[in-house]
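Open the model in your viewer and keep the selection panel at hand. The tour goes from one selection to the next and says what is found at each stop.

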Amino acid sequence: MSEVGPGVTDLVLGAVLVGCARRLRRTPGVHRYWALMLWSAGAAAFAGAAHHLVFSGSPRAADLSWVVVGLLVAVALSYLLGATATATLDPRWARVVIRARVAGLLAYVAWMAIAGIGRTAPLVLSESVTMAAIVGLWCYGRYAGRPEAGRVLVAIAVLALSAVFFVLPARIFPASVGLDARSLQHLAQIPGVLLLAWIVVDAAQQAGRPRSLPRR
């Protein structure tokens, strides 16, 4: 299977993530965790491009580079969880969530050191639990009246829909241009990334605007 399509589309996705991270960093009122999440996700995409385009020819190098990709994805989800907890919970409970996540990451690193690289099942399980927690917190935020919560849930759903390409028949993919399921999944994440970045920027701008006094 060609690695060129996934590698190139990872580069495109990484460029979009980094561009959105720069936009968030320049926006007043946006918590730093949002930009750090996008920076980390961009680094994961670029590491994925290196995995597909540079290291795929060597099984050992491919295993090591894939571990790096997985860890960067875990870091990105950690910042997403931190941003979510900060936005939806009071500071004390947000710190509890963030500390629990850090402990989970350290446990995964310890597991890899003991069991060896290439065992991704614990990471997949951990990140599934993390995403469930993120969605749950935003559902709570919607219940608690966070104005952007519903839109964030929509953006997460758009990102999740990118996985649909892995269940479609392989024959529908235009193999002549190298767009397999992995390539299309990378590109399909871009609308969700752009939507999420726009929502975060808009929420920060709305929060920074003075409220108009009611007319008498």
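A pocket, as the word is used here, is an open set of grid points with protein on both sides within 12 Å along at least five of seven lines, and its lining residues have an atom within 4 Å of a point. Keep in mind that this is a predicted model.

**Stop 1: the second largest pocket**

Select Arg-146, Glu-148, Ala-203, Ala-204 and Ala-207. Of the 23 residues that line the second largest pocket, these five are the closest to its centre. The volume of this pocket is about 470 Å³. Now colour H3, H6 and H7, the elements that give two or more residues to its lining. H7 gives the most, with seven residues. By class, the lining divides into 13 nonpolar, five polar and five charged residues.

Stay with Ala-207, which is placed in helix H7. Is Ala-207 buried or exposed? Its relative accessibility is 67%, so Ala-207 counts as exposed.

**Stop 2: the largest pocket**

Next select Ala-44, Val-73, Leu-77, Gln-185 and Gln-189. Among the 38 residues that line the largest pocket, these are the closest to its centre. The volume here is about 1300 Å³. Which helix gives the most to this lining? It is H3, with nine residues. H1, H2, H3, H5, H6 and H7 each supply at least two residues of the lining. Coloured by class, the lining shows 26 nonpolar, nine polar and three charged residues.

**Stop 3: the nonpolar core**

Clear the selection and pick Leu-17, Leu-24, Trp-34, Leu-38, Trp-138 and Leu-196. The largest nonpolar core has 37 residues, and these six touch the most other members. The elements that give two or more residues to this core are H1 (4–26), H2 (32–53), H3 (59–88), H5 (121–143), H6 (149–161) and H7 (181–208). With eight residues, H7 gives the most to the core.

Zoom in on Leu-196. Leaving out residues up to four places away in sequence, Leu-196 touches Trp-34, Met-37, Val-152 and Ala-155. As background, nonpolar side chains tend to be buried together in soluble globular proteins.

**Stop 4: the aromatic pairs**

How many aromatic pairs does a search of the whole structure find? The search finds two.

For one of them, select Tyr-33 and Tyr-79. The ring centres are 6.0 Å apart and the planes stand at 40°, so the pair is tilted. Tyr-33 belongs to helix H2 and Tyr-79 to helix H3, so the pair ties together parts that are 46 residues apart in sequence. Tyr-33 is buried, at a relative accessible area of 16%, while Tyr-79 is partly exposed, at 26%.

For the other, select Trp-34 and Trp-138. This pair is also tilted, with 6.4 Å from centre to centre and 35° between the planes. Trp-34 is in helix H2 and Trp-138 in helix H5, 104 residues apart, and the pair links these distant parts of the chain. Why do both count as buried? Buried means under 20% relative accessible area. Trp-34 has a relative accessibility of 7%, so Trp-34 falls under that cut-off. Trp-138 has 0%, so Trp-138 counts as buried too.

Methods
Residues are numbered from 1 along each chain as its sequence is written. This is a predicted model: local features need pLDDT of at least 70, side-chain atom pairs count only at pLDDT 80 or more; totals for chains, interfaces and linings use all residues. Side-chain values use heavy atoms; hydrogens and water are left out. A nonpolar core is a set of buried Ala, Val, Leu, Ile, Met, Phe, Trp, Tyr and Cys residues joined through side-chain atoms within 4.5 Å. Buried means under 20% relative accessible area, exposed over 50%, partly exposed in between (1.4 Å probe, protein chains only). Helices (H or I, at least four residues) and strands (E, at least two) are DSSP runs, numbered from the N terminus. Contact means heavy atoms within 4.5 Å. On a 1 Å grid over the protein atoms alone, a cavity is a set of points where a 1.4 Å probe fits but cannot get out, and a pocket is an open set with protein on both sides within 12 Å along at least five of seven lines; lining residues have an atom within 4 Å of a point. Grid points are joined across faces, edges and corners, and a volume is the space filled by probe spheres set on the points. Ala, Val, Leu, Ile, Met, Phe, Trp, Tyr, Cys and Pro count as nonpolar, Asp, Glu, Lys and Arg as charged, and the others, Gly among them, as polar. Rings of Phe, Tyr and Trp (its six-membered ring) pair if their centres lie within 6.5 Å; planes under 30 degrees apart count as stacked, over 60 as edge-to-face and the rest as tilted.
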